[in-house]
Amino acid sequence: MMDQLQHQAFCETYGKIWDLAMIEVSVEAIASLTQYYDQLLRCFTFGDFQLVPTVEEFEEILGCLLGGRKPYLFSGFYPSMARISKVVKILAQE
């Protein structure tokens with residue numbers, strides 16, 4: 001129900017989140033995946049394995065790029081807790 005200007009403003013503010021909301025999904029697949037979602041860790045846990053996108057992957061998915069850089073392949077660098085908490089919008093203490 002948004003006109004073109006509203007849609008553009010929304011996309012500038014929130015990145016690609018609108019596009020993600022418009023993707024058709026299989027209800028059965030989502031229902032199956034919910035049994036593996038860990039709400040406290042905010043990731044999927046399969047036995048001893050946790051599946052969660054990296055900070056850079058979240059930024060790429062949502063269209064919030066890191067100064068034009070693409071997501072990196074792990075090279076021994078871990079982002080700071082302050083950086084992670086800023087991206088996921090929770091307090092670092094949490």
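How many disulfides does the count come to? The count comes to zero disulfides, a disulfide being defined as a pair of cysteine sulfur atoms within 2.5 Å.

## Basis of the report

This is a predicted model, in which local features need pLDDT of at least 70 and side-chain atom pairs count only at pLDDT 80 or more, while totals for chains, interfaces and linings use all residues. Residues are numbered from 1 along each chain as its sequence is written, and side-chain values use heavy atoms, with hydrogens and water left out.

## Cysteines

A disulfide is a covalent bond between the sulfur atoms of two cysteines. C43 is buried, with a relative accessible area of 4%, whereas C11 is partly exposed at 25%. Here buried means under 20% relative accessible area, exposed means over 50%, and partly exposed lies in between (1.4 Å probe, protein chains only).

## The sheet

Three strands form an open antiparallel sheet in the order β1-β2-β3. Because β1 (37-38) and β3 (49-51) stand at the edges, each with a single partner strand, one side of each is left without a neighbour in the sheet. Strands are DSSP runs of E with at least two residues, helices are runs of H or I with at least four, and both are numbered from the N terminus; two strands pair if DSSP finds at least two bridges between them.

Strand β2 (residues 43-46) is joined to β3 by three bridges, and the two run antiparallel. F44 stands opposite L51 in β3.

Helix α1 covers residues 4-14, and at its start a side-chain oxygen of D3 reaches to within 3.1 Å of the backbone nitrogen of L5. Just after α1, G15 takes a positive phi of about 70°.

In helix α5 (residues 81-88) lies S85, which is buried with a relative accessible area of 12%. Leaving aside neighbours within four places in sequence, S85 is in contact (heavy atoms within 4.5 Å) with I90, L91 and A92.

## Aromatic pairs

The structure holds four aromatic pairs. In one of them, the ring centres of F10 and Y14 are 4.8 Å apart and the planes are at 45°, so the pair is tilted. Rings of Phe, Tyr and Trp (its six-membered ring) pair if their centres lie within 6.5 Å; planes under 30 degrees apart count as stacked, over 60 as edge-to-face and the rest as tilted. F10 and Y14 are four residues apart in helix α1, so about one helical turn separates them. F10 is partly exposed at 24%, and Y14 is partly exposed at 48%.

The rings of Y37 and F44 have centres 5.2 Å apart and planes at 70°, so this pair is edge-to-face. Y37 is partly exposed at 37%, as is F44 at 26%. Ring pairs also link F10, Y14 and W18 into a cluster.

Technical notes:
Polar contact = N/O pair within 3.5 Å; in protein donor to acceptor, adjacent residues only side chain to side chain.
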